[in-house]
Amino acid sequence: HLGAERPLRGTLSEARRGCRCIALAPYLADDLATNGIPRARIFIVPNGVDIPAAAAETDSKDVLFVANFSQGVEHKAFDVLIQAWSTVVRQVPEARLHLLGDGERGPWERLVRDLHVENSVVFAGWMPDPADHYRRAAAFVLPSRMEGMSNSLLEAQSWGLGCVVSDIAGNLAVVEDGINGLVVPTGDAAALAAAIVHLLVDVPLRVRLGRTARQRARERHALDIVAAQLAGIYREVAVLRQSGVQS
C-alpha cells in the first residue's frame with residue numbers, strides 16, 4: 001500500500017484502481033476487491049503447467065519436496081517437515097524424503113542429523129529438470145506457512161502424485177482434501193506425518209488422489225488452457241478499449 005506521505009499518492013492510487021488485474025485464485029480476487037479494485041476489472045486465471053505424457057510410477061516409498069531453501073522456516077516450514085519425517089521413518093523405515101532446491105540448507109541439514117534421520121533424507125539440490133524425481137515419487141509434500149499458488153505443487157499434480165499440503169489459502173486453491181490430495185493444519189508436524197504415512201501405506205488411496213489430481217491439472221492448469229484464457233482476456237479488453245468502455 002502507498003503511504004500517506006508519498007508524493008502523488010492519490011494519483012497513483014487512482015491509476016492502480018483503474019488497472020485491469022489478473023488474480024491466480026478467487027481468494028486473491030477478493031483481496032484485490034477489498035483494496036479498491038472494481039470487480040469488473042478483475043479476471044481469475046491460474047498458473048499453468050506442462051502435463052507430462054505419462055503419469056508418475058508411484059510404486060516407490062519416495063516423498064518429494066521442492067522449494068527454495070533460502071526462503072526460510074517461516075515461509076516453507078522446513079522445521080515442521082523434518083520433525084514430521086522423523087515420525088514417518090519410524091513407521092515406514094524404507095521411506096525416503098527427497099529435498100530438491102537451491103539456497104542455504106545448512107540449518108536443515110543439522111536438524112536432519114539432530115533427529116537422526118540423515119539415512120532417509122536426500123538433499124538433491126537444484127536441477128534444471130526434476131522430471132525424474134517426480135516420475136519416481138510416490139507422494140509430494142508442501143507444508144508451507146506462507147505460499148501462493150505453488151508451481152511445484154501443480155507440477156506434482158500434473159504427474160499424478162498424491163499431495164499432502166498445509167491448509168493455507170494458496171494450497172487450498174489447488175487441493176481439495178480427500179479428493180485430489182490431503183490437507184493438514186499448518187504447523188502440525190504430527191498431522192503431517194500421519195497424512196504422509198497414510199499415503200505411503202494406502203496404495204489405492206494415493207492412486208485415486210493422484211489420478212484425480214492429474215485430471216484436474218489437465219482440465220484447469222494445462223498451459224494451452226491457461227494461454228487460451230489469457231488470450232480471451234486480452235481480446236475482451238481490446239474490444240472494450242476500442243469501444244471506449246471504461247469498466
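**Entry 1: ground rules**

I am working with a predicted model, where local features need pLDDT of at least 70, side-chain atom pairs count only at pLDDT 80 or more, and totals for chains, interfaces and linings use all residues. Residues are numbered from 1 along each chain as its sequence is written, and side-chain values use heavy atoms, with hydrogens and water left out.

**Entry 2: the whole chain**

I found 11 helices and eight strands in the protein chain. Helices (H or I, at least four residues) and strands (E, at least two) are DSSP runs, numbered from the N terminus. The C-alpha atoms fill a box of roughly 65 × 45 × 30 Å, taken along the principal axes. Of the 247 residues, 46% count as buried.

I went back to histidine 75 and placed it in helix H3 (residues 73–76). A polar atom of its side chain lies 2.8 Å from the backbone oxygen of methionine 146. Contact means heavy atoms within 4.5 Å. Leaving aside neighbours within four places in sequence, histidine 75 is in contact with Ser144, Arg145, Met146 and Glu147.

Glutamate 147 is buried, with a relative accessible area of 17%. Its side chain makes polar contacts with the side chains of lysine 76 (2.7 Å) and serine 144 (2.6 Å). A polar contact is a pair of N or O atoms within 3.5 Å; within protein, one must be able to donate a hydrogen and the other to accept it, and residues adjacent in sequence count only if both atoms are side-chain atoms. Beyond four places in sequence, the contacts of glutamate 147 include Tyr27, Ile168 and Asn171.

**Entry 3: helix H7**

I moved on to H7, which is mostly covered: six of its eight residues are buried. Among them are Leu153, Leu154 and Ala156. The cover over the buried residues of H7 includes strand S3 (62–66), helix H6 (131–136) and H10. After H7 comes glycine 160, with a positive phi near 85°.

**Entry 4: two helix pairs**

Two packed helices are described by the angle between their axes and the distance between the axes. Axes are lines fitted to C-alpha atoms, for helices over the stretch in contact, and angles run from 0 to 180 degrees between N-to-C directions.

How do H4 and H9 cross? The axes of helix H4 (residues 78–91) and H9 come within 8 Å and cross at roughly 45°, so H4 and H9 are oblique to each other. Angles under 35 degrees count as roughly parallel, over 145 as roughly antiparallel, 65 to 115 as roughly perpendicular and the rest as oblique. Residues of H4 that meet H9 include Trp85 and Val88, and those of H9 include Leu192 and Ile196. By class, this contact of H4 with H9 has 11 nonpolar, three polar and no charged residues. Ala, Val, Leu, Ile, Met, Phe, Trp, Tyr, Cys and Pro count as nonpolar, Asp, Glu, Lys and Arg as charged, and the others, Gly among them, as polar.

Last, I checked helix H9 (residues 189–201) against helix H10 (residues 203–220): they pack at about 100°, with axes 5 Å apart. That makes H9 roughly perpendicular to H10.

Technical notes
Buried means under 20% relative accessible area, exposed over 50%, partly exposed in between (1.4 Å probe, protein chains only).
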